Every structure is written in structure tokens, then in C-alpha cells.
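Biologist: Please put the model on screen. I want to go through the terms used for it, one at a time.

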Amino acid sequence: ILLNHQDGYLPWNDVTDFVGELVLFMRHRRPAAVITFDQDGLYWHPDHIAVYERVVAAARALGPDAPPVYVVTMVRGTMSDIVDAAAARGWTAPEGGFWS
């Protein structure tokens, strides 16, 4: 499911609305499982961390009716390896910073 929340602002905006939308989705669709980011957002991306937090909050709100929540993880250092490989091929980070 793709919800309509502004990219880059998930840690701060619509927290209650976002959790509520997830609760309603889980209640109505009754997924067999929910897959989300791990608590580190895979590579400390603020939006990914916020998604993890909202999904866990929604599942907790459902109590025993919650589907199992699985998280996606990467081996520590994977993103550094990806950035290094991209840089070796000529990529440079944006002037505004890595997340800009």
C-alpha cells in the first residue's frame, strides 16, 4: 500500500494520522504479515525510521489481532560499500548533502 505522506517529513508530520491509516488498513485487509524497515531504517534514513516506528505502533494498537511484523535488514557496512562503489564509478554526493 502506498499512503500519501510528504517525503522527507515523516518523522514530524501526521504521526497520529499515519498510525491510524495503518491500523485501519491492517483491520480491513487482514494481511498475513507486514514487512517494513528495521529500526535503523536500513541506513539511518529518517523517513524509513519513521515508517518502522508507525508500523510497530499500529501493530501494537491491534494487540493480539495484529499480523506479524517482519523487518528488512542489511549487513552493517553495506551502504558504505554501495557509496564507495558508486564513487569509484564517478558518482559524487549532491552539494546539499547525501539526503538532498
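Biologist: Why is arginine 30 called exposed?

Modeller: Its relative accessibility is 66%. Exposed means over 50% relative accessible area, buried under 20%, and partly exposed in between, with a 1.4 Å probe and protein chains only. So arginine 30 counts as exposed. Arginine 30 lies in the loop between α1 and β1 (34-37). This is a predicted model: local features need pLDDT of at least 70, side-chain atom pairs count only at pLDDT 80 or more, and totals for chains, interfaces and linings use all residues. Residues are numbered from 1 along each chain as its sequence is written, and side-chain values use heavy atoms, leaving out hydrogens and water.

Biologist: What is the phi of arginine 30?

Modeller: About 45°, a positive value, although arginine 30 is not a glycine. Most residues other than glycine have a negative phi. Leucine 42, also not a glycine, has a positive phi near 75°. Leucine 42 is found in helix α2 (residues 41-44).

Biologist: What makes a stretch a helix or a strand here?

Modeller: Both are DSSP runs, numbered from the N terminus. A helix is H or I with at least four residues; a strand is E with at least two.

Biologist: Is arginine 54 buried or exposed, and why?

Modeller: Buried, because its relative accessibility is 4%. Arginine 54 sits in helix α3. Its side chain reaches the backbone oxygen of leucine 10 at 2.8 Å.

Biologist: Which residues does arginine 54 contact?

Modeller: Contact means heavy atoms within 4.5 Å. Leaving aside neighbours within four places in sequence, arginine 54 contacts Leu10, Pro11, Trp12, Val15, Phe18, Val19 and Leu22.

Biologist: How do α1 and α3 cross?

Modeller: The axes of α1 (residues 15-29) and α3 (residues 46-62) come within 9 Å and cross at roughly 55°. That makes α1 oblique to α3. Under 35 degrees counts as roughly parallel, over 145 as roughly antiparallel, 65 to 115 as roughly perpendicular, and the rest as oblique. Axes are lines fitted to C-alpha atoms, for helices over the stretch in contact, and angles run from 0 to 180 degrees between N-to-C directions.

Biologist: Which residues of α1 and α3 meet?

Modeller: Among them are Phe18, Leu22 and Met26 in α1, and Arg54, Val55 and Leu62 in α3. By class, this contact has 13 nonpolar, no polar and two charged residues. Nonpolar means Ala, Val, Leu, Ile, Met, Phe, Trp, Tyr, Cys and Pro; charged means Asp, Glu, Lys and Arg; the others, Gly among them, are polar.

Biologist: Why is asparagine 4 called exposed?

Modeller: Its relative accessibility is 77%, so asparagine 4 counts as exposed.

Conventions. A polar contact is a pair of N or O atoms within 3.5 Å; within protein, one must be able to donate a hydrogen and the other to accept it, and residues adjacent in sequence count only if both atoms are side-chain atoms.
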